[in-house]
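Thank you all for coming; I would like to walk you through one structure this morning, going slowly and taking one region after another. Please have the sequence and the picture open while I talk.

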Amino acid sequence: MSTKTAAKIKCYHCGTSCNQYNIVIDEKYFCCEGCKTVYEILNQNNLCSYYDLNTHPGLKFNKNIWNNRFEYLDIPEIKNKIIQFSNGIQTHVHLEIPQMHCSSCLWLLENLHKLSPGIVYSRVNFTDKNILIVFNEKESSLRKAVELLTNIGYEPQLEIEHPKAENNILINKKRLLKIGIAGFCFGNIMMLSLPDYLSGGKFIEPELRWFFTTISLLLSLPVLFYCATEFFVNAWKSIKAKFINIDLPIALAILLTFLRSIYEIQAGLGNGYLDSMSGIVFFMLVGRFVQDRSYQSLSYNRNYKSFFPIAVNVLDGNHFKPRPIEKIQVNDTMLIHNQEIIPADGIVVNGIPALDYSFVSGESEIVYGKPGDPIYAGAKQTGSNIEIKVTKPVSQSYLTSLWNKDIFKKEKNFQKTDIDHLGQYFSIFVLILAFSAATYWYVQHRNDLMWNSLTTFLIVACPCALLLASNFTNSQVLKTLAQNKLYFRHASVLEKLSKINHIVFDKTGTLTKNDDQIISYAGTPLNLDLKIRICALAKQSTHPLSQAVVKFLQTNDSNAVENFKQTEGKGIEGWIDDHYLKMGSAAFVNADNLAEEGGSSIHIREDGHYIGCFKVIQQYRRGLDTLTTALNTRFELSVISGDNDKESGFLSQIFNKENTLLFNYNPEDKLNYIKDLQNKNQSNVLMIGDGLNDAGALKQSNVGIAVTENKNNFTPACDGILDGNSFDKIPSVLAFIRNSRLTILIIFTYSLIYNIIGGYFALRGVLSPVIAAILMPCSSLSIILLSYCLTELSAIRNRLSRTDENH
């Protein structure tokens with residue numbers, strides 16, 4: 001092999017030039033044994049498609065890895081600080097992978113299960129550069145997972161104390177430093193260029209002109225080699241990955257402007273366009289800083305403190321009181337009821353946990369425990385009440401990531417791919433037009449217009465506004481809805497809501513208020529011991545009728561409940577002080593022969609003997625008649641309830657004759673009704689319930705919203721959570737969401753017109769590079785402003801709050 005030929009050989013894995021040529025396998029050359037080893041691992045597992053997606057997609061192997069480097073990850077104290085969930089069988093961990101840079105990385109990292117049988121699956125968040133890995137404890141471990149990633153060139157960044165926020169601050173400070181340097185240099189270069197601009201260079205002494213030009217050149221160097229590095233680095237990465245991103249035209253414009261200036265200076269034609277080059281960098285950095293800050297403040301993928309309108313009972317003195325979950329602190333004691341999601345990691349201090357981890361792991365097998373056992377956020381208690389001492393603060397972003405698991409798999413990646421492809425094709429189109437215009441002016445012997453058209457069009461024609469119009473608007477809409485105590489799990493729900501034509505309401509806990517009821521009792525007189533037993537059983541359930549009984553009896557004592565069981569839509573049962581109690585519907589306690597009058601009834605049977613019945617007359621929510629009138633103009637309405645039809649007369653006055661009122665529906669009936677609407681009527685259904693006996697219907701509907709009132713009835717089946725105090729805002733919310741679709745169309749049209757007008761003047765060569773550099777960030781900033789103004793205007797028109805109501 002000749003030296004000339006050998007010098008051109010690059011490592012098949014990472015693209016580094018090979019200094020030695022004896023490391024070869026399958027006629028493929030490698031720069032080191034490490035890269036060769038990675039190739040062999042992939043080849044043995046039939047994963048060489050990794051190399052088909054991009055040329056030289058790998059990372060150079062790190063020789064400084066020793067065998068026991070990650071041994072400390074086997075220490076339980078350290079391991080527990082890193083993992084998010086473990087039940088002894090399956091473990092979940094999020095790891096930061098800053099090295100991922102292309103589609104090959106994403107493909108390989110999501111196929112880790114083929115490299116190690118102990119890994120169940122892996123899911124990449126390319127934007128945040130992190131990966132969720134789920135592994136089997138019997139076949140793998142945290143240490144083995146980290147070692148596998150390191151061996152294939154993706155060593156994770158292990159941050160035990162989670163200093164991610166500090167890293168973001170450092171990144172912002174670095175960008176601010178670049179903006180400051182670029183602004184300083186740009187201003188001084190402009191000042192030094194003013195004499196030349198004002199006099200045309202005719203009245204400046206040659207020595208003074210040379211001095212000014214030299215100082216300008218020196219000031220431009222830090223702008224080019226430090227401030228503008230992110231544009232060149234991103235452009236180079238896109239070229240290596242054979243993927244043209246929007247930074248490539250910008251980097252090309254900066255480089256061409258600088259080289260043109262150097263040419264004019266050395267040829268004695270003038271002092272060049274160093275001020276323009278510095279201005280491009282300065283205004284682009286300012287625009288990106290403001291854009292990023294705005295987008296971060298609106299971004300849906302964040303920690304949703306004060307935006308998650310659910311509460312959990314926390315011990316305050318001698319009593320448990322509701323507290324918003326973002327205010328839960330370490331060492332607080334939480335009371336978790338049957339069917340409630342546990343919002344924070346902790347240790348059981350009282351009660352017997354019977355946990356369903358299907359929300360976290362996908363496995364629906366009930367895991368039983370005892371006091372002293374650790375419990376992870378996301379589990380659902382299926383037995384009687386338990387008390388948990390918090391060991392880790394609440395991470396609402398973690399709960400949201402669990403809630404969004406299916407959406408992110410199916411929708412987010414698809415949307416991301418569409419945006420990337422649109423940006424790539426737009427950039428290719430920009431490059432073709434720019435060089436075509438430059439060629440035209442060159443043929444016309446107009447070199448001044450040639451350079452202007454080339455550089456300014458590369459700058460001014462930007463797809464950012466087109467691509468981000470939807471994202472900015474959706475984020476602003478989600479923020480406004482959250483300020484009105486309506487929280488959606490993902491932006492894709494907004495599109496579905498805009499297509500809704502049928503709304504189905506649950507009655508109890510949805511149309512009615514849980515804290516405003518008239519309660520009476522009829523039956524065998526209740527002594528104190530019986531009251532305590534009934535109250536103890538009722539406390540196990542979060543159902544509004546059970547809580548109404550607890551409020552009515554007002555007993556402070558609470559005995560332990562054993563063998564607690566809840567039958568959805570029917571009732572609850574359990575053993576208290578050697579007595580077997582059942583409470584619920586008449587059919588559930590075998591009291592079918594008892595006549596029911598008005599309201600809802602909770603029948604009690606103890607040790608086989610019928611005790612009596614609590615009658616609950618529920619108060620309907622404020623403004624219900626106004627709400628139904630507003631909704632009837634656009635939607636079909638239905639009410640489905642598990643109660644009897646004694647209140648059908650009142651509801652028929654609130655709802656129109658065309659509306660459907662259905663009673664005595666169990667959870668399965670509700671689910672089937674939603675299916676019939678979708679299949680037979682081709683309806684897009686919005687289901688609004690309390691998330692207790694209607695989880696199946698919420699999940700089946702096109703969009704499901706759970707209504708909450710100072711309690712933890714969060715259910716993975718729903719798409720949104722609505723605070724009960726905002727129930728009357730439903731018509732305004734739906735109108736606001738429909739208007740947001742129009743807002744996106746307006747912004748998209750505006751962006752398109754901007755690109756056409758700006759491109760027209762740039763191709764004619766009449767724009768200066770500085771003006772183009774100002775216009776480009778102004779476009780993105782105007783998108784933010786226009787999105788904000790139109791969304792705020794729509795919120796005002798629909799009488800929605802624009803301030804945070806959660807405090």
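This is a predicted model: local features need pLDDT of at least 70, side-chain atom pairs count only at pLDDT 80 or more; totals for chains, interfaces and linings use all residues.

Let me start with strand S27 (residues 703–708) and strand S28 (residues 720–723), which are joined by four bridges and pair in the parallel sense; strands here are DSSP runs of type E with at least two residues, helices are DSSP runs of type H or I with at least four residues, both numbered from the N terminus, and two strands count as paired if DSSP finds at least two bridges between them. Within this pair, Val 707 stands opposite Leu 722 in S28. Helix H23 (residues 667–679) packs on the sheet, where it touches strand S17 (502–506), strand S24 (636–640), S25 and strand S26 (685–689), and its direction makes about 175° with that of S17. Contact here means heavy atoms within 4.5 Å, while axes are lines fitted to C-alpha atoms, for helices over the stretch in contact, with angles running from 0 to 180 degrees between N-to-C directions.

Residues are numbered from 1 along each chain as its sequence is written, and side-chain values use heavy atoms, with hydrogens and water left out.

What is the strand order of the whole sheet? It is an open sheet of seven strands, S16-S28-S27-S26-S17-S24-S25, with mixed pairing. Strand S16 (486–488) and strand S25 (660–662) are the edge strands, each pairing on one side only, and neighbouring strands of this sheet are turned by 15° against each other on average, direction ignored.

**The four-stranded sheet**

A further open sheet has four strands in the order S3-S4-S6-S5, and its pairing is antiparallel. Its edge strands are S3 and strand S5 (119–125), each of which pairs on one side only. Strand S3 (residues 85–86) is held to S4 by two bridges in the antiparallel sense, and Phe 85 has His 92 in S4 as its bridge partner. Three residues lie between the strands of this hairpin, in which Gly 88 takes a positive phi near 85°.

Moving along, S4 and strand S6 (residues 130–136) run antiparallel and are joined by seven bridges, with Val 93 partnered by Ile 133 in S6. S5 and S6 also run antiparallel, joined by six bridges, and Arg 123 stands opposite Leu 132 in S6. Is strand S4 (residues 90–96) mostly covered or mostly open? It is mostly covered, since five of its seven residues are buried, where buried means under 20% relative accessible area, exposed over 50%, and partly exposed in between (1.4 Å probe, protein chains only). Helix H6 (residues 142–151) lies across S4, S5 and S6, running at about 40° to S4.

Finally, please look at Ile 737, which lies in helix H25. Ile 737 counts as buried because its relative accessibility is 1%. Leaving aside residues up to four places away in sequence, Ile 737 touches Leu 481, Phe 488, Leu 494, Leu 497 and Ser 498. Ile 737 and Asn 474 are 263 residues apart in sequence, and their C-alpha atoms are 9.2 Å apart in space.

Ile 757 is found in helix H25 (residues 730–763) as well, but it counts as partly exposed because its relative accessibility is 46%.
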